[in-house]
Amino acid sequence: MTTVAVRRQSQRRRSPLVGYLLRRFGTSLLLLVGVTIVTFALTNLVPGDPVSAALGEGASQNPETREAFIKAQGLDQPLFVQYFIYMGNLLRGDLGTSLVTGRPVTSDLATAVPATIEIAIGAVILSLAVSVVLGTLAAYRRGLVTDQVIRIVTLIGLSVPTFWLALVSFYVFFLELRIAPGSGRISPSITPPPRITGLYTVDYLLNGDGVGFVDALAHLALPVMVLSLVTIGLLTRFIRTSVLEVLGSDYVRAARSKGLPAMRVIIDYVLRGASLPILTVVGVAFGALLSGTVLVESVFAWPGLGTYAYNSAANLDLPGIMGVGLVVGVIYLLINFVVDLLYGVLDPRVRIA
């Protein structure tokens, strides 16, 4: 076979995956437009007076000042005109100025989002590592004491309120035992690393600062542990169900009949066969961690997206609220796109369909 023929054959093999990705990308763009519409509409339905929140009670009582602010912000225009103004600013990377911090919302989010991503990534990695072991063990020991104990433990993990667990962890490990830092991303005596990714642990490593890395890792421990304990319950029960479905398949029974080692059967056949549904629930869990860390960040004074969202909502900071809503929507779209991409790579039937 000539080189040209090989290249053409390779292109034909890649075309289903390329088409699959293009379709998913186009769908994501349409959903992104929908996210902007929903975010804009819901923000404008928030009860309260944004003019008073922006100017303060004193200045908002002055009719001239109030009218000038309304015209400057375009609030006197119809909603659809305000939306197109918002989209024009958005395409230029302008999310407005926060009424709480007085800084551009993009600058605030550039600091808050990496802080939340850092604890979310840590929680997902720890949760997945523990859940794969527990879920697989529970499936293999189905109906036995081990399975019952794991199911009870995971049920407790799902039932315990996150806020209560965060408070208990803070009290026990910081106030009583003094074995973990209590709040913030780093100690006051430690200088923040030069910004590269916004993730302190990664930036400290890239700058070769071992002391800063250990300190940042220590501050991550409690928030990650709290979020992981809740997520482990969800992932373990789902992985158990997925593994049980794969254990009854013909190719797993054939692998066992060949006398393959148990560990090889688990890794090469069972977990690989159950990877697609597990991948889906991991993506959902990661998105939920990014958008649902308000309570944990409040307890540990973590300057992340949850804390910023709470402060914006409490002070009726509409630019901040819209910025958070847009970022959360984009994060979910990116996660879904990555999951779809991995689906297409791992399972040829998906991209052919």
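Phe-170 and Phe-174 both sit in helix H7, residues 162-176, and they are four residues apart, about one turn of the helix. Helices here are DSSP runs of H or I with at least four residues, numbered from the N terminus. This is a predicted model, in which local features need pLDDT of at least 70 and side-chain atom pairs count only at pLDDT 80 or more, while totals for chains, interfaces and linings use all residues. Residues are numbered from 1 along each chain as its sequence is written, and side-chain values use heavy atoms, with hydrogens and water left out.

Next, the aromatic rings. How many aromatic pairs does a search of the whole structure find? It finds seven. Rings of Phe, Tyr and Trp, the last by its six-membered ring, pair if their centres lie within 6.5 Å; planes under 30 degrees apart are stacked, over 60 edge-to-face, and the rest tilted. The ring centres of Phe-170 and Phe-174 are 5.1 Å apart and the planes stand at 45°, so this pair is tilted. Elsewhere, ring pairs join Phe-40, Tyr-83, Phe-84 and Tyr-86 into a cluster.

Back to Phe-174. Its relative accessibility is 23%, so Phe-174 counts as partly exposed. The scale is this: buried means under 20% relative accessible area, exposed means over 50%, and partly exposed is in between, with a 1.4 Å probe and protein chains only. Over the face of Phe-174 lies Arg-178, at 5.2 Å from the ring centre. A charge sits over a ring if NZ of Lys or CZ of Arg is within 6 Å of the ring centre and within 35 degrees of the ring normal. Arg-185 has its charged end over the ring of Tyr-200, 3.8 Å from the centre.

Arg-178 itself is in the loop between H7 and helix H8, 200-206. At 57% relative accessibility, Arg-178 counts as exposed. Its phi is near 55°, a positive value in a residue other than glycine. Most residues other than glycine have a negative phi. Ala-301 also has a positive phi, near 50°. Ala-301 is in the loop between helix H13, 294-299, and helix H14, 305-314, and with a relative accessible area of 43% Ala-301 is partly exposed.

Now helix packing. Two packed helices are described by the angle between their axes and the distance between the axes. Axes are lines fitted to C-alpha atoms, for helices over the stretch in contact, and angles run from 0 to 180 degrees between N-to-C directions. Under 35 degrees is roughly parallel, over 145 roughly antiparallel, 65 to 115 roughly perpendicular, and the rest oblique.

Helix H5, residues 105-140, packs on helix H11, residues 262-273, at about 95°, with the axes 13 Å apart. H5 and H11 are therefore roughly perpendicular. From H5 the contact uses Val-132, Thr-136 and Tyr-140; from H11, Val-265, Ile-266, Val-270 and Leu-271. Contact means heavy atoms within 4.5 Å.

Helix H10, residues 250-257, packs on H11 at about 175°, with the axes 10 Å apart. That makes H10 roughly antiparallel to H11. Tyr-251, Val-252, Ala-255 and Arg-256 of H10 meet Val-265, Tyr-269, Val-270 and Gly-273 of H11. By class, these residues are six nonpolar, one polar and one charged. Ala, Val, Leu, Ile, Met, Phe, Trp, Tyr, Cys and Pro count as nonpolar, Asp, Glu, Lys and Arg as charged, and the others, Gly among them, as polar.

How values were computed
Helix = DSSP H or I, 4+ residues; strand = E, 2+ residues; numbered from the N terminus.
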